[in-house]
Amino acid sequence: MAARGDVGRQTPAARIGSYVAGKVRTDGPGLALAVVKAWNVVHAAGYGLADRRGLPIAPDTIFHLASCGKQFTGLGIAVLAEEGKLDLDDAVATHLASLAAFGPQVTIRRLLHHTSGIRDLYDAHGFEQVLAGRERATNADMIRAYVDLGCPMTDAESRPGEAFRYSNSGYDLLGAVIERVSGQSYHDFFQRRVFDPVGMKDTFSVPDRRTGDVSVATGYFRDHRGGYLQHRGSGFDDVVGSGSFYTTVSDLCRYDRALAANRFLSEVGMRQVYASGRTNDGAATGYGFGWFVGANQSGRFAEHAGEWNGFTSYVCRLLDRPLSVFLLSNHPDLDLFAIASEALAAFD
């Protein structure tokens, strides 16, 4: 371990490199890390291996983004709202008519803020209901399951707007709304409206043949002996909205600059994306449109973490000064928040 004086003399890149080296072996899974400061990429590196073939992780290694992908769903809904193609206070049934039993208070805005109160189907019984004998589900299967279950709320006492209750399947319903309103598949909507215009060449939503490319990392979990096993996927892998993207830290840097330049939304629209939702009694939820939002000694921030199929992710943007960090990993044990905190401190 470096002495305190040595740490003080290290460059920011050397400081974070030394920190990660203590967490990641060179012969096992690892992570990709990028930092953007004042709209410039000041650090982008890979640590560890992308897969058992021995390919090293690099800034252009592709990982599953997991729940950090909710930010794209939030952005897509905001774009369609700014274009006048939907209203954030529309009932979800306005666009997905078969969900009329949810009633007028289960709105798009409440789905975005996780205050709709609807049941999250990402549990054992929900998986069984959605799959219903299928190997792979789609958003249509998610909607069918809600209809078959009678459009259930989290519990009998739940009321829309009453409380913050995180719902993955609520964001899948938003994915279906994007498809219905735009007239495009979720995949094509984001490819044409977000990824292609800003040069995010290695970012895509499933289903996509590129999931099998050599540049895509392998996700791992631990077996009972502590070894690494490849994750074989889930029956929900083709459901879109709650986190269906693959990307690289290099592409996320491009995305960060586009967000800062208001490439997708007006300045007013972007402020709405990062504004906390509120419950019926006016209490802030700390969640915007696909981002957890808050403030600390560094000012306002927007962040999210994700975990899916042996992949983990963490993204954070400091909103009062231009500093962002992006981490994508296939290592089952890393504390990405701690690594991100170290990286932000190093480059602050």
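In this predicted model, the side chains of D237 and N309 are joined by a polar contact of 2.8 Å, and a second polar contact, of 2.9 Å, links the side chain of D237 to that of W308. D237 itself is found in the loop that runs between β6 (228-230) and β7 (245-247). Its relative accessible area is 14%, so with the cut-off for burial set at under 20% D237 counts as buried. Once neighbours within four places in sequence are set aside, the residues in contact with D237 are R136, V206, W308 and N309.

Y274 stands 27 residues from F301 along the chain, and the C-alpha atoms of the two are separated by 8.5 Å.

Strand β9 belongs to an open sheet of six strands, whose order is β2-β1-β11-β10-β9-β8 and whose pairing is antiparallel. At the edges of this sheet stand β2 (40-47) and β8 (292-296), each of which has a single partner strand, so that one side of each is left without a neighbour in the sheet. On average, and with direction ignored, neighbouring strands of the sheet are turned by 15 degrees against each other. Within the sheet, β1 (residues 31-37) and β11 (residues 323-329) run antiparallel and are joined by seven bridges; L33, for example, has L327 in β11 as its bridge partner. Helix α11, made up of residues 336-347, lies across β1, β2, β9, β10 (311-318) and β11, and it runs at about 145 degrees to β11.

The loop that holds D237 ends at β7, and this strand takes part in another open sheet, in which three strands follow the order β3-β7-β4 with antiparallel pairing. Here the edge strands are β3 (63-64) and β4 (204-205), each of them pairing on one side only. Between β4 and β7 the antiparallel pairing extends over two bridges, and F204 stands opposite Y246 in β7.

In one of them, the ring centres of Y255 and F264 are 6.0 Å apart and the ring planes meet at 35 degrees, so the pair is classed as tilted. Both residues fall under the 20% limit and are therefore buried, Y255 at 2% relative accessibility and F264 with a relative accessible area of 13%. Y255 and F264 also belong to a cluster linked by ring pairs, together with F72, Y186, F189, F190, F195 and F245.

The mean pLDDT of the protein chain is 95, and 98% of its residues reach 70 or more. Over residues 1-5, however, the pLDDT is below 50, and this stretch has one contact in the model beyond near neighbours in sequence. Where pLDDT is low, predicted coordinates should not be read in detail.

Conventions:
Residues are numbered from 1 along each chain as its sequence is written. This is a predicted model: local features need pLDDT of at least 70, side-chain atom pairs count only at pLDDT 80 or more; totals for chains, interfaces and linings use all residues. Side-chain values use heavy atoms; hydrogens and water are left out. Helices (H or I, at least four residues) and strands (E, at least two) are DSSP runs, numbered from the N terminus. Buried means under 20% relative accessible area, exposed over 50%, partly exposed in between (1.4 Å probe, protein chains only). A polar contact is a pair of N or O atoms within 3.5 Å; within protein, one must be able to donate a hydrogen and the other to accept it, and residues adjacent in sequence count only if both atoms are side-chain atoms. Contact means heavy atoms within 4.5 Å. pLDDT is the predictor's confidence in each residue, from 0 to 100. Two strands pair if DSSP finds at least two bridges between them. Axes are lines fitted to C-alpha atoms, for helices over the stretch in contact, and angles run from 0 to 180 degrees between N-to-C directions. Rings of Phe, Tyr and Trp (its six-membered ring) pair if their centres lie within 6.5 Å; planes under 30 degrees apart count as stacked, over 60 as edge-to-face and the rest as tilted.
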